[in-house]
Amino acid sequence: MFRRERSIPLRGSAAALCNNLSVLQLPVGNLTHFGVVHGPSAQLLSAAPEGVPLAQRQLQAQEGAGVSPPLITQVHWCVLPFRVLLVLTSHRGIQMYESDGSVMVYWHALDAGDSSLVQAVFARGIAASGHFICVGMWSGRVLVFDIPAKGPNIVLSEELAGHQTPVTDIATEPAQGQDCVADMVTADDSGLLCVWRSGSEFKLLTRIPGFGVPCPSVQLWQGTIAAGYGNGQVRLYEASTGTLHVQIDAHARAICALDLAPEVGKLLSAAEDTFVHIWKLSRSPEGGYIEVEHCHGECVPDTQVCGARFCDPSGSSFAVTGYDLAEILRFSSM
Amino acid sequence: MSVRTLPLLFLNLGGEMLYILDQRLRAQNIPGDKARKVLNDIISTMFNRKFMEELFKPQELYSKKALRTVYDRLAHASIMRLNQASMDKHSALYTTDAIKGFIQDSPNILHQVDETFQQLTEIYGGLSAGEFQLIRQTLLIFFQDLHIRVSIFLKDKVQNSNGRFVLPVSGPLPWGTKVPGLIRTFNNKGEEVKKAEFKHGGSYVAAPKEGSFELYGDRVLKLGTNMYSVNRPVETHMSGASENLAAQTQESIAPNPLAKEELNLLARLIGGMEIKKPSGPEPGFRLNLFTTDEEEEQAALTRPEELFYEAINIQATQDQQTNEELARIMGEFEILDQPRRSASKGDDLLAMMDEL
């Protein structure tokens with residue numbers, strides 16, 4: 001069972017985007033960092049264990065060409081082997097900062113290129129893979145940036161072609177050390193999932209087609225892909241083969257966020273139906289098939305949830321943001 | 001942000017405005033032919049072909065400041081927040097259905113509306129769910145932080161007293177969404193090997209059928225229909241809202257030249273504004289958006305100082321011949337009994353929008 005903890009107030013309300021909450025757990029000093037997109041700005045704040053806010057900072061989307069102030073699509077911390085970077089994607093480009101948001105170390109402007117005026121141009125979908133940071137685009141392309149151990153010498157190393165519609169989310173997990181092991185999944189607005197193996201050159205291993213609804217959020221854990229869809233379903237696939245193993249009619253509205261507690265294999269799903277559900281993933285003893293069990297459901301009344309994350313690696317606490325809500329709601333298990 | 005948002009926003013807000021005006025006209029017993037004329041004129045202007053052409057061009061949404069100024073009173077009557085990506089399409093259609101109801105006696109205007117409908121289905125019919133999700137997110141950005149409470153919503157328990165909308169955890173699901181609760185497990189060959197249930201916490205039912213996108217069809221949903229069609233007193237509470245407005249005006253009080261320019265563009269597109277002096281033997285009529293005159297005065301008093309725009313008088317059309325040259329925005333109303341003060345064209349537009 002979970003109980004409501006003290007909420008953390010935000011300076012600006014959360015925008016109705018998917019995956020609109022990023023959490024960085026810092027073992028040192030027991031601090032937790034939160035990142036929420038408001039619209040043209042994003043708010044970072046750090047809080048002590050009881051939820052007492054300690055410091056906050058607002059970041060703006062970098063201006064570029066265009067009529068109206070640019071909107072941020074996502075903010076996300078990327079944990080790399082030797083450093084942590086904060087990445088901000090917007091309708092103008094990609095901004096990378098030191099983890100506390102104090103210094104911008106890299107700016108990549110979007111090239112509207114061959115988009116007709118009819119399409120919206122933006123970057124969306126952020127994940128760290130080894131010493132790379134991967135960012136998705138409105139065109140379906142995924143940009144791969146090579147990040148040095150320190151300093152601003154960040155280089156665009158590759159542009160992955162796999163999607164034809166805007167990328168929604170990217171999930172990664174540390175490579176398990178064997179060959180041909182999938183360690184990255186990208187998702188898009190058509191519901192298509194692309195499964196990759198990272199490296200100096202990323203390799204597309206398999207594709208999992210959509211079925212007419214967007215896939216706004218995706219996670220990867222021990223070779224299992226968890227994908228949340230616009231019709232409220234969560235589907236679990238075997239990453240190496242793309243085979244569907246579990247289909248959950250999980251929510252009554254579009255799923256907006258998924259998160260994982262990797263230490264225990266817990267999956268969090270949140271949707272606009274005001275519910276947050278926690279699931280336990282496992283492999284069956286015979287055959288090693290993917291199995292799932294429902295652990296807990298929490299209703300956040302009258303809240304159009306737009307972001308949700310575990311706040312600790314064992315999945316015993318989580319945080320939620322809602323559209324137009326100027327606070328981060330926190331829950332922890334009793 | 002999506003560049004396909006403006007037509008939906010304009011049509012939905014315009015439709016909502018028509019519902020309110022229709023209700024007020026009936027509540028104040030304005031003679032039927034006059035009322036119909038007023039609505040016909042507005043609709044004819046809204047659906048003017050040239051304006052629609054401009055509107056449907058892919059473009060970024062007008063800044064919140066600009067459109068908010070224009071649709072100040074209208075924004076809080078919109079039920080946009082409750083719409084799902086798939087429901088947005090239906091909502092625009094429903095509004096069009098109701099608008100057609102208003103103008104059923106006028107074949108010309110009906111034709112204009114049908115043409116617009118065709119354009120709507122052409123453009124939006126082909127959009128994917130993902131594109132609709134983006135449109136919806138763009139629209140929600142527009143309405144973020146408004147928090148204006150509306151009596152009819154509070155009465156119907158659709159909105160809480162803190163301004164947040166009620167999100168029921170029961171009722172029909174969107175077309176294509178299954179009732180939550182089932183976990184199905186498959187083996188490598190795709191055969192179902194296990195079926196389990198979990199308690200999901202709500203009490204939903206599947207949608208009976210998909211709504212129709214045809215010119216005339218069963219829409220299935222109620223979104224977009226007229227909340228005021230049931231006869232009831234409609235109060236427009238300013239007391240709670242004015243605090244919000246005051247708070248908002250504090251932060252955005254700096255005059256925005258861009259807003260004024262955008263509004264002037266809107267005015268040019270619609271054909272500009274001609275304010276006619278009262279003429280002819282028949283007197284114009286006065287439309288009160290509040291239930292009583294006292295409430296109206298009260299609202300005027302509690303209104304934040306900063307929002308006091310110059311008011312203008314607008315007379316209802318009396319002359320049949322002026323119909324053709326009518327390209328006025330939302331027809332002509334005499335809203336408040338205030339003498340007209342001189343103002344530049346941009347301010348006129350702002351003032352007139354606001355007085356509606």
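Select B:Leu6, B:Pro7, B:Phe10 and B:Leu11 in H1(B), then B:Phe51, B:Met52, B:Leu55 and B:Phe56 in H3(B): the two groups meet, contact being heavy atoms within 4.5 Å. This contact has eight nonpolar, no polar and no charged residues (Ala, Val, Leu, Ile, Met, Phe, Trp, Tyr, Cys and Pro count as nonpolar, Asp, Glu, Lys and Arg as charged, the others, Gly among them, as polar). The model is predicted: local features need pLDDT of at least 70 and side-chain atom pairs pLDDT 80 or more, while totals for chains, interfaces and linings use all residues. Residues are numbered from 1 along each chain as written, chains are lettered from A and ligands numbered from 1 in written order, and side-chain values use heavy atoms, without hydrogens and water.

Now show both helices whole, residues 6-27 and 49-56 of chain B; their axes are 8 Å apart at about 135°. H1(B) and H3(B) are therefore oblique (under 35 degrees is roughly parallel, over 145 roughly antiparallel, 65 to 115 roughly perpendicular, the rest oblique). Axes are lines fitted to C-alpha atoms, for helices over the stretch in contact, with angles from 0 to 180 degrees between N-to-C directions. Helices (H or I, at least four residues) and strands (E, at least two) are DSSP runs, numbered from the N terminus.

For A:Cys78, the nearest cysteine sulfur belongs to A:Cys134, 8.8 Å away. A:Cys78 counts as buried at 1% relative accessibility (buried is under 20% relative accessible area, exposed over 50%, partly exposed in between, with a 1.4 Å probe and protein chains only).

Notes: A disulfide is a pair of cysteine sulfur atoms within 2.5 Å.
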